[in-house]
Amino acid sequence: MSAATRDEPHRTAIYATALTAFFAIAGIAVVDPILPVIGSSLGASTWQIELLFTAYIAVMALGMVPAVMSTGRFGYKKVLTAGVSVVAVAALAASAVGGIGQLAALRGLWGLGNAMFFATAMSLLVALARQSEWVVELFETCVGLGFAVGPLIGGLLGRISWRVPFLACGVLMVAAAVMSVSRLRDPDERPSRLRFADVVASYRKPAFIALCVLTATYNFAFFVVLGYTPVALRLSVVPLGLVFTAWGIGLAFGILVVGHRLAHRIGAVATVGLAVLVLAGCLVGLALSTTTAVSIVVLVLAGVCMGICNANLTDLALATGLPDRRSTTGAFNLVRWGFAAPAPVISGLVAEHSGLKAPFWVAVVVLGVGLVVFALTSHVMARAVGERVLWSRWNNRARAAELSPEEAMGEL
């Protein structure tokens, strides 16, 4: 055990919060390999089974801001515990329903519970810890492992029935709820009250707005990959679970191994831009691929790129937004999840009318818009966090060549 963890008086509460994050993320990913089975069992079309993602993400996006605001009234522990309990109820109920509409509604309730959790978890960890760096890394580790293990659970248990993964997830979340009640604690200082105006005030900052535009297009593409690719691959439940476990390992590798190391070398802004550019290439690869093996390789590479983005986007949001972490996180997550919500159901509708590969081309176009905005505004984001992107240096050098020596020195 490192000195940083030994010196933490709230170590048990920190680990309990992180473990709950693992369960919550695994619950998102557990649905991936059982989507085709759910569709065939319930007689649902492609866009209808994609509602299981869209309902979840949409409610999660809408619930983020109220959840953040409620921490000022009820404290972190009560909001987080309530969220975990809601997820447990929704997951257990989902294992018993008989229609796609009921299942989508319960996934929406599930999203509300996760909104309450994710709005509080990171803030609670940072508030409890004496040194924030190691708890942020711990949280990111649990997120990466959750995305890796969730599909494996869904694939293996889905062989029995598509209902069993939901049941297993519900049991895990009951355990997490018990842990939340018994092990979590609020920091000594209760968080201050927040108004809606406080949460959206970050949108006045140009660097934050630029980051939000890129994040919106990136998350749309993220959930085309996560929500639609299981349908496009046309694999049975166990192979699909293994494929998305490999994708999750790639995601975890990007978060834990590559993301921050690359950011330390070339800067977080340039790192995100490079990862999104390669991700766009992966989407083109998925659209053009004619074999399952190639699609799987490209999918895992896309997972690495997504991990690199996820490792840096929240850090950039906190650096470019307001000093109050809760208001900045609430504003960022509203964009992050709000623009992700339509992606799965749009993918399903496009696939039904234009073919299996068409949703990937839609994602390429959307992500392309984000890349154009990034190219135009990356220097604004970089300046806000004390970095410089390579192309802004080129621009400065070109401009300096047209100035007098005194003016050029002022530009540099």
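**Exercises on a predicted model**

Leu92 lies in helix α5, residues 76-94, where a helix is a DSSP run of H or I with at least four residues, numbered from the N terminus. The structure is a predicted model, in which local features need pLDDT of at least 70, side-chain atom pairs count only at pLDDT 80 or more, and totals for chains, interfaces and linings use all residues. Residues are numbered from 1 along each chain as its sequence is written, and side-chain values use heavy atoms, with hydrogens and water left out.

**Exercise 1.** Decide whether Leu92 and Ile34 are buried, partly exposed or exposed.

*Solution.* Begin with the cut-offs: buried means under 20% relative accessible area, exposed means over 50%, and partly exposed lies in between (1.4 Å probe, protein chains only). Leu92 has a relative accessible area of 32%, so Leu92 is partly exposed. Ile34, by contrast, has 0% relative accessibility and therefore counts as buried. Ile34 is placed in the loop between α2 (11-29) and α3 (35-42).

**Exercise 2.** Find how far Ile34 is from Leu334, in sequence and in space.

*Solution.* In sequence, Ile34 and Leu334 are 300 residues apart. In space, from C-alpha to C-alpha, the distance between Ile34 and Leu334 is 28 Å.

**Exercise 3.** State which class each count of residues in the lining of the largest pocket belongs to.

*Solution.* First recall the classes: Ala, Val, Leu, Ile, Met, Phe, Trp, Tyr, Cys and Pro count as nonpolar, Asp, Glu, Lys and Arg as charged, and the others, Gly among them, as polar. The lining of the largest pocket then divides into 18 nonpolar, seven polar and four charged residues.

Terms used
Helix = DSSP H or I, 4+ residues; strand = E, 2+ residues; numbered from the N terminus.
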